[in-house]
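My notebook is open and I want to look up a few spots in this one. Here is the structure I'm working from.

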Amino acid sequence: MTDPTPIAGVEPAPAEPVVPAEPVTTPALAVDHVSRWYGNVVAINDVSFSLSGGVTGLLGPNGAGKSTLLHMLSGFLRPSTGSVAVEGTPTFGNPEVYRRIGLVPERESAYTFLTGREFVTASARLHQLADPEAAATRAIGHVEMAATEDRRIGTYSKGMRQRIKVASALVHDPPILLLDEPFNGMDPRQRLHMMELLRRMAAEGRTILFSSHILEEVGRLAEQVLVIVAGRLAASGDFREIRRLMTDRPHTFTVRSSDDRALAAVLVTQPSIAGVSLDDGMLTVRSTDFGAFSRSVTGLARRAGVSLHELLPTDESLESVFSYLVRR
Amino acid sequence: MNAVIARLTLRQLLGRRRLLLLLLLGGLMVLVALIYFLNRAASGGEAGSERFAGRLLQNFGLAVLMPLVALLLGTAALGAEIEDGTAVYLLAKPISRTSVVLTKLVVAAGGAVLLTGVPVLLAGLLAAHGPADGLVLGFVVAAAVGSVIYVAMFLAFSLLTSRALIFGLLYVLVWEGLLAGLFAGTRVLSVRQITLAVADALSDAPTTVLDAQLDLTTALVVGAILLVGATALAIRRLQRFEIAGETV
């Protein structure tokens, strides 16, 4: 994900001084050993990454620090230590970075007394764009809100508010787009549409970072994933790789069968089983390989002459998936 | 100054019930003055009307109406937006925070000057049967000066605490209302006393009408310090503005 740093000592050839091209080595977003705490509570703990281009999902359970991280990226929180930069410029206390960033905050609040059109046009004017009306029309077109642009935001549904917020964030055509839980409150059709829009924005060369606590959403949209758990960057990289890590983690099941003790005796011989316990007449199985276990368990039971009544995963909350990634 | 922010702020401040409440408050004072005026006209005497006007404008106009109007507008101008989360849309723009604060201040102060100044003018003219040797003018100017200082202070309060309304009320009721009556030293930092000094200096009315306890120079110097100090503090706070964290 990080652009290669130039080799020390190798100066670029002083060609004709026509285009002082932007240094390609400056990432769009750079987070370097960043921590942020509130009193004694550590919200973000030594996180580093950098992004340039494409759609990146910031995945993590609620309260993991996703919003804190996005707020630091968008200049609304100061890192306690470390540095956060947009195209090489520190974000905190520097309103000029908003020329390069479009921000879609999580909170649903908006100027309810304005129409969607007025809201987006006001954004364009605050950006001092040359033609605010045209910019607003273009941005509203992007989110397909032209038909309802003259209604007051107070009358909008959650999904419509979300889209008008995106339009307002897009109005100055920023190369970087930060979205905090953009799919919250959207119905499946709106969700699909928003994903399409973000994909298109990324295809046009923008850097897009969105947060979500839903694995599925991130999987469908993001090329890269940053998994954040309890303030730490638990994993980062290609989505499929992380998905595999999550699926292959140890799973715990409770089993009910016609003869739990006999089944336990068979299961404990399997290499894919890490542990078996029989407490209070309840058989609990811990497997190291979800795939292998789920493929073999029915055959094993049949051969042992035991009939399976129930096989329940016990530990399927997203938090446990995430905490596995952290322990790994 | 930013025209877009000014328009948005105006709509926010005056679009709601807030305006109605403030108009009612000012209207009440005018109504009292009107009743007094009609009563006097019926009985045919004008003696003491100047004294009544002075009391009304001082004890209601400057002591109640002016701080309440300024408190509601000053804390709402930016504080309400920060509270409900819409401030992010304003602040995530390439606009200097100084410009945001100054715009908010000018709009809120302008509103407060009008919503306090007009009722003071009307009530004063009615109660005193005319300008009364500069008494009414003095109060109008004083109300304008006081409104601007108050708004700047309450705007700064709203950037220091999410309970700006309560702290503002405490300042008006306890510091200005109670302590200033008990300890002369606290009067210097009282906007109400500063305003009274201005009103006193502009009117030729006998001193028995007005309770001014500060001399004009002190009042103006302290007033200027409060105004500039509060504004600078507000700008600094907004430049370092942080969104409340999710874990707190």
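I started with His71(A): it has 30 C-beta neighbours inside 10 Å, so it counts as buried. (Buried means 20 or more other C-beta atoms within 10 Å of a residue's own, exposed means 12 or fewer, and partly exposed is in between, with C-beta atoms placed from the backbone.) This is a predicted model, where local features need pLDDT of at least 70 and side-chain atom pairs count only at pLDDT 80 or more, while totals for chains, interfaces and linings use all residues. Residues are numbered from 1 along each chain as its sequence is written, and chains are lettered from A and ligands numbered from 1 in the order in which they are written.

His71(A) sits in helix α1 (residues 66-73) of chain A. Helices here are DSSP runs of H or I, at least four residues, numbered from the N terminus.

What does His71(A) contact, leaving aside neighbours within four places in sequence? I found Phe76(A), Leu77(A) and Ile243(B). Contact means C-beta atoms, placed from the backbone, within 7 Å. I also looked up Asp180(A): its C-alpha is 9.1 Å from that of His71(A), though they are 109 residues apart along the chain.

Next I checked helix α2 (residues 17-43) of chain B. Its 27 residues should span 39 Å at 1.5 Å a residue, and its end C-alpha atoms are 39 Å apart, so that agrees. The expected span is 1.5 Å times one less than the number of residues.

Among the buried residues of α2(B) are Leu22(B), Gly26(B) and Met29(B). The buried residues of α2(B) pack against α3 (49-77) and α6 (97-127) of chain B. Gly44(B) follows α2(B), and its phi is positive, near 80 degrees.

Note on methods:
Helices (H or I, at least four residues) and strands (E, at least two) are DSSP runs, numbered from the N terminus. Two residues are in contact if their C-beta atoms, placed from the backbone, lie within 7 Å.
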